[in-house]
Amino acid sequence: MTAAAALAALEAEVVECRACPRLVAWREQVARERRASFADEEYWGRPVPGFGDPGARVLVFGLAPAAHGGNRTGRVFTGDRSGDWLFGAMHRAGLANQPTSTGRDDGLELHDAWIAAAVRCAPPANRPTPQERDTCLPWSVRELELLPRISVVVCLGGFAWDAALRLRAAAGLANPRPRPRFGHDVLFDPGDRLPLLGCFHPSQQNTFTGRLTEGMMEAVFGRARALAER
């Protein structure tokens, strides 16, 4: 089986997951009680799988799908302002063929990058529980096994950073004590196959306040490319 076929088979399993009752109830409620601006659209309302280049060296790791973004469109970071910021930066770094992501059929292609969320279902208030995070971890472990060229993880926010440390441990890689702390453009590189690079999450809370600027995000993805090409 090719890598692309194996990833597609994993995706088919992910989208059928119903392991977390709270998340199942919320994602389906949001899909029924649609936001007025999307009232005529059919929401995805299921777990949102990762996507990108099967030969990727850069893994972009987010928190969870947005209720009216990925949970609506079926593709993580698609259909909301966070995605506009993320794919704009990735496009300028040469990791995406276009700077926008509006729907699953919009022609977006990633180059040398794969994007996934630590938790695959939209959570209430955008806050998964630790148990939900840990229940979802095996999906990321299996995905990583099918992406053997990954050589750097860009962690979008502290939650993704913590989940990526757990992913490293599950993959048999050692983490120091105390654990390295998240920060924007902070690199944790212990010299193994999976260094972590922090980036503030492109949420409106960060972008509207200027905590995260386009230049800051571009710098992170430029650094990620350089790390992947070492």
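# Legends to the close-up views

**View 1. Asn126 counts as partly exposed, at 40% relative accessibility.** Partly exposed denotes a relative accessible area between the limits for buried, under 20%, and exposed, over 50%, calculated with a 1.4 Å probe on protein chains only. The model is predicted, so local features need pLDDT of at least 70 and side-chain atom pairs count only at pLDDT 80 or more, whereas totals for chains, interfaces and linings use all residues. Residues are numbered from 1 along each chain as its sequence is written, and side-chain values use heavy atoms, with hydrogens and water left out. Asn126 is found in the loop between β3 and α5; helices (H or I, at least four residues) and strands (E, at least two) are DSSP runs numbered from the N terminus. Although Asn126 is not a glycine, its phi is positive, at about 60°. Most residues other than glycine have a negative phi, and most peptide bonds are trans.

**View 2. The loop between α6 and β5 contains Asp185 and Pro178.** Asp185, which is not a glycine, takes a positive phi of about 65°. With a relative accessibility of 30%, Asp185 is partly exposed. The peptide bond leading from Arg177 to Pro178 is cis, and its omega is near -5°.

**View 3. Helix α6 comprises the 13 residues 158–170.** The expected span of a helix is 1.5 Å times one less than its number of residues. For α6 this gives 18 Å, in agreement with the 18 Å between its end C-alpha atoms. Buried residues of the helix are Ala160, Trp161, Ala163, Ala164, Leu165, Leu167 and Arg168. These buried residues pack against β2 (58–62), α5 (130–145), β4 (152–156), β5 (187–188) and β6 (196–199), contact meaning heavy atoms within 4.5 Å. Just after α6, Gly172 adopts a positive phi of about 85°.

**View 4. Asp192 and Arg168 are joined by a salt bridge, with 2.8 Å from N to O.** Asp192 belongs to the loop between β5 and β6 and Arg168 to helix α6, so their pairing ties together parts that lie 24 residues apart in sequence. Arg168 is buried, at 0% relative accessibility, whereas Asp192 is partly exposed, with a relative accessible area of 26%. Salt bridges with shared partners also connect Arg133, Asp134, Asp162, Arg166 and Arg179 in one network. A salt bridge places a side-chain nitrogen of Lys or Arg within 4 Å of a carboxyl oxygen of Asp or Glu, and the structure holds 19 of them.

**View 5. A salt bridge links Glu132 with Arg22, their closest N and O atoms being 2.8 Å apart.** Glu132 is part of helix α5 and Arg22 of helix α2 (residues 21–32), so the pair ties together parts that are 110 residues apart in sequence. Glu132 is buried, with a relative accessible area of 7%, while Arg22 is partly exposed, at 34%.

**View 6. Glu28 and Arg27 meet through their side chains in a salt bridge of 4.0 Å, N to O.** Arg27 is buried, with a relative accessible area of 2%, and Glu28 is partly exposed, at 25% relative accessibility.

**View 7. Gly107 is located in the loop between α4 (81–92) and β3 (113–117).** Gly107 is partly exposed, its relative accessible area being 39%. Leaving aside residues up to four places away in sequence, Gly107 touches Asn97 and Gln98. A distance of 21 Å separates the C-alpha atoms of Gly107 and Ala12, which are 95 residues apart along the chain.
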